[in-house]
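Could you walk me through this two-chain model, one chain at a time and then the place where they touch? I'd like to know how the pieces are put together.

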Amino acid sequence: MKTIQFFLKKLTGAFITIFAIIVANFVIFRIAPGDPIRMMFHDPRVSAEQIKAMQIKFGLDKSLWGQFIDYFKQLMKGDMGFSFWQKRPVIEVIGDRIGHTLILVVTALIIATIIGILLGAIAGWKNGSKTDRSILSVSLVLYSIPTFAMGILLLLIFAYVLSIFPLGGISTPASGFTGFMYIKDVIWHLILPAFSIILWYIGEYILMTRSSMVEVLDQDYIVTARTKGLRESTILRKHALRNALLPVVTLSGVNFAFAIAGVIEAETVFSWPGIGRLTYDAVMKRDYPLLQGIFLLFAVSVVLANFLVDLIYSRIDPRIKTGDVNV
Amino acid sequence: MALLDIKELKVHYKTRKGPAKAVDSISLTVEENETVGLIGESGCGKSTTARAIMKIIKEPGEIVGGEVIFQGKDIIKMPDSEFRDIRGNKLTIVRQEAQNALNPVMSIGNQIAEVILAHQDVNKKEAWSKAEEQLDMVGISHKRAKSFPHELSGGMRQRGMIAIATACNPDFIIMDEPITGLDVIVQRQLLTLINDLRERLNLTALFIAHDLSVVSETCDQVVVMYAGKIMEKADVVSIFKNPLHPYTQALINSYPSIRGEKKDLISIPGSPPRLVDPPQGCRFHLRCKFAIERCRVELPEIREVDGHEVACHIVG
């Protein structure tokens, strides 16, 4: 199959999935208990006429199908509704926060991926050695400590006892920092929350890369590479690692997608004003439109990440395009 | 001087019950431009011998003794950095079942070019065109150079392996059951190719097989192995016409011949001994119908009888 064909097929798949998500997202919030108008106005003095007027204003008098058409049309225009709690458009609320989350997630995952793959590859290559056992033990410990526990631990040691890092937030309030000073301030605030995520993901990447490496090293083509008289470093790089990283690429895609949703813990512990914290607040405030918007964002990010993984995979594994994979 | 001279080679596999002596003090020589066939049942140590020569014995296996002298130098004691220049270059191997022997994410052309680049002073472009020549030589069109292993048939992959093994004009090539696991038509085509290349490239080879008919049409000398020991060695005509060792006889009797007269096939009773604690005396005596008391206690030395080298008390 040609690359273009493969690309189109995957793209169509992604669009269909996103549409299905939009439908599901719409339905879930219609099934959810509670009347949205009642939730906006908790005041019992609001009269029945006023409520009726509000229902008409928000289109809630229409049939479910009619409501869906409205929802879909507005979504296409980039309108995700109006947050009850923040009293402004959902898209604005999310837009304010998404950048913060991306800074945290992207930084943390890039660092975790690089270190994790490196250590995992070394451990797998030296399978059974002392180096391997040390790396393996460390990664198991890291992998078994949940992000929030690690976060609290880091907070306690580095922020409270040693006072090297701030307790939370994204920047020093009312500091008046601008330009480079501001960036430095953000990085200073970023380190602890990032590490609470990094440490867990390093554990995951090490375990994954190591086991994949061990499996690959047992393959026949590694013996072939040896019988060719290649240098060990060449065998490691061109034959072992290249194949061992295939499952790790999949893992990375899934991680990036879920991390956007999954940093709720880290963001809550460190009061990081990102999407994760926003989700937590939206749940607490029963802000359905905001939650609906956030859910859609999470789901679409998962689909997009998978789409990207498929594209990358087709570049690095020639078997993908023909569907002939027996790994 | 022999091109390859194996002296008292011992390869053991560590097991919980002690070492399994897969190759137990075997000695054999291969002269230049000669093809030596190494035959025997599964588990007799023939593939282990091949791997030992290439130094690709996997854990828990280990070369515990002996010498493998290739072009005058013992490669067992040779440091890896020095052996690397010989392996894949002057000394190569085609292993059995090439299904997974090629890297799935590298094109066949690149996998051939890689070995050329590793051993010859050429640039990438020259290596690539040499790789294409190699493909043509083994009967795969050079247009397929950019194909990946999963796009090639089993026979083509094995041809690819042969192209890799012959890419640097080796002085010695080990064929470790190169046609096993393929269907008979492909086997025939590959055998023709191998014989053709052997003549064209003047190859010296160690040909490992369990199929006597294959050996009979490829080899000059035949070595029969049983339970890690060499039983008999002779030239190919003599070993089939006049097998001396009871094991060689049994092996030939258990194999159908297409051209020769119709005969009843006689299977060898029993099974090969366990290599952890092989029987005392001759390794074959438990299954040998001629065994005498001496066979049970004394390990027979290799002697020369009628131009054969044979390890048996009752022969001669």
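Here is a tour of the helices, the sheet and the contact between the chains.

First, some housekeeping: this is a predicted model, in which local features need pLDDT of at least 70 and side-chain atom pairs count only at pLDDT 80 or more, while totals for chains, interfaces and linings use all residues. Residues are numbered from 1 along each chain as its sequence is written, and chains are lettered from A and ligands numbered from 1 in the order in which they are written. The model scores ipTM 0.90 and pTM 0.84.

Start with chain A. It has 13 helices and 0 strands, where helices are DSSP runs of H or I with at least four residues and strands are runs of E with at least two, numbered from the N terminus. The C-alpha trace of chain A spans about 85 × 60 × 35 Å along its principal axes.

Axes here are lines fitted to C-alpha atoms, for helices over the stretch in contact, and angles run from 0 to 180 degrees between N-to-C directions. On the α7(A) side the contact includes Met150(A), Leu154(A) and Phe158(A), and on the α8(A) side it includes Leu192(A), Phe195(A) and Trp200(A). Residues are in contact if their C-beta atoms, placed from the backbone, lie within 7 Å. The contact of α7(A) with α8(A) divides into 11 nonpolar, 3 polar and no charged residues. For these classes, Ala, Val, Leu, Ile, Met, Phe, Trp, Tyr, Cys and Pro count as nonpolar, Asp, Glu, Lys and Arg as charged, and the others, Gly among them, as polar.

Helix α6(A), residues 130-144, also meets α8(A): their axes come within 7 Å and cross at roughly 130°. That makes α6(A) oblique to α8(A). Among the contact residues are Leu136(A) and Tyr143(A) of α6(A), along with Ile206(A) and Arg210(A) of α8(A). By class, the contact of α6(A) with α8(A) has 9 nonpolar, 2 polar and 2 charged residues.

Now switch to chain B. Here 4 strands form an open antiparallel sheet in the order β2-β1-β4-β5; strands pair if DSSP finds at least two bridges between them. β2(B) (20-30) and β5(B) (73-74) stand at the edges with a single partner strand each, so one side of each is left without a neighbour in the sheet. β1(B), residues 4-13, pairs with β2(B) over 8 bridges, and Tyr13(B) has Ala20(B) as its bridge partner. Lying across β1, β2 and β4 of chain B is helix α1(B), residues 46-54, which runs at about 70° to β2(B).

Finally, where do the chains meet? The contact takes 20 residues from chain A and 22 residues from chain B. On the chain A side, α9 (220-227) and α10 (232-262) are the elements that give two or more residues, and α9(A) provides the largest share, 6 residues. By class, that side of chain A has 5 nonpolar, 7 polar and 8 charged residues.

Methods. Two residues are in contact if their C-beta atoms, placed from the backbone, lie within 7 Å. Angles under 35 degrees count as roughly parallel, over 145 as roughly antiparallel, 65 to 115 as roughly perpendicular and the rest as oblique.
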